[in-house]
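Here's a quick tour of a protein model, one piece at a time. Have a look at the sequence and the 3D view, then follow along below.

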Amino acid sequence: MTRVVGLLLAAGQGARLGTPKALVEYEGERLVDRGVRLLHEGGCHPVIVVLGAATVQVRGAVVVRNPSWADGMGSSLRVGLAALPSDATAVVVALVDQPFVEPAAVRALIDSGAEVAVATYGGRRRNPVLIARRHVERVAELAVGDVGARPFLKAHPELVTEVEVPGDPRDIDTPEDLARLTAGEAPA
């Protein structure tokens, strides 16, 4: 039986934004809750959320803390991967600051049957990413600094399946992005 776990990286302080992205609200919902919902609706169970700069209650998810969150995304990815249940066959990794990614994107990655699948939008690689359990240890070894799975993907192009998905992968990084978001516009 396939058991795909969702992993939402939400530990950063949002330095350019001026607030942790997990706390930002869009349409009455915090981005962290939106990300959990994305992964659940896409077919991931359970969902693990990695927090760091902000400490918040998150319903419907297993929360793990990254005490080294300031070291960058790589440390959060390692913490999240270490928290995977032993019976997980794969993990879908998503980022908290991409509120327009759709559950259909997560479902497409899972349905691809690939061991490593990367969501593409108009042919451009973005998140989320699916990683089979047997590759998790190597992904964690290569996740350093402010990069996640990218070094693994570059080192093993023969494993990567690109999956064209619906939705908008743009992220919220700056106050201007947030202003456009709250005004009902997609970020530029």
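Let's start with Leu9, which sits in strand S1. Keep in mind that this is a predicted model.

- Is Leu9 buried or exposed? Its relative accessibility is 8%, and since buried means under 20%, Leu9 counts as buried.
- Which residues does Leu9 touch, once you skip its neighbours within four places in sequence? The contacts are Val50, Met73, Ser76, Leu77, Val93, Ala94, Leu95 and Val96.
- Leu9 and Gly74 are 65 residues apart along the chain, and 9.9 Å separates their C-alpha atoms.

**The sheet**
- Seven strands make up an open sheet with mixed pairing, and their order is S5-S4-S1-S6-S8-S7-S9.
- Strand S5 (62–65) and strand S9 (160–164) are the edge strands: each has a single partner strand, so one side of each has no neighbour in the sheet.
- On average, neighbouring strands in this sheet are turned by 25° against each other, ignoring direction.
- As a bit of background, strands in a sheet pair through backbone hydrogen bonds, and they can do that in a parallel or an antiparallel way.

**Strand S7, with both kinds of partner**
- S7 covers residues 116–121 and pairs with S9 in the parallel sense, over five bridges.
- Two of the residue pairs here are Ala117 with Thr161 of S9 and Ala119 with Val163 of S9.
- With S8, strand S7 pairs in the antiparallel sense, again over five bridges. In that pairing, Val116 has Ile131 of S8 as its bridge partner.
- S7 and S8 form a hairpin with two residues between the strands, and Gly122 in this hairpin has a positive phi near 60°.
- Why is S7 largely enclosed by the rest of the structure? Six of its six residues are buried, so the strand is largely enclosed.
- In a regular strand, side chains alternate between the two faces of the sheet. S7 is covered on both faces: Val116, Val118 and Thr120 are buried on one side, and Ala117, Ala119 and Tyr121 are buried on the other.

**Helices lying across the strands**
- Helix H1 (residues 31–42) lies across strand S1 (4–10), strand S4 (47–51) and strand S6 (90–95), and it runs at about 160° to S1.
- H1 has 12 residues and spans 16 Å from its first C-alpha to its last, close to the 16 Å expected at 1.5 Å a residue.
- The buried residues of H1 include Leu31, Val36, Leu38 and Leu39. What do the buried residues of H1 pack against? They pack against S1, strand S2 (25–26), strand S3 (29–30), S4, S6 and H3.
- Helix H3 (residues 103–111) lies across S1, S6, S7, strand S8 (124–132) and S9, running at about 50° to S8.

**Further along the chain**
- Asp177 is part of helix H6 (residues 175–182). At 8% relative accessibility, Asp177 counts as buried.
- A polar atom of the Asp177 side chain lies 2.9 Å from the backbone nitrogen of Asp173.

**What the record says**
- UniProt, in an unreviewed entry, lists residues 6–157 as "domain: MobA-like NTP transferase".
- Across residues 6–157, the chain is 29% helix and 26% strand, with the end C-alpha atoms 23 Å apart.

Notes
Residues numbered from 1 in each chain as written. Predicted model: local features only at pLDDT ≥ 70, side-chain atom pairs only at ≥ 80, totals over all residues. Heavy atoms only, no water. UniProt positions renumbered as here; feature names shortened; annotations may be inferred. Helix = DSSP H or I, 4+ residues; strand = E, 2+ residues; numbered from the N terminus. Pairing = 2+ DSSP bridges. Axes fitted to C-alpha atoms, helices over the stretch in contact; angles between N-to-C directions. Contact = heavy atoms within 4.5 Å. Expected span 1.5 Å × (residues − 1). Buried < 20%, exposed > 50% of the residue type's maximum accessible area, 1.4 Å probe, protein only. Polar contact = N/O pair within 3.5 Å; in protein donor to acceptor, adjacent residues only side chain to side chain.
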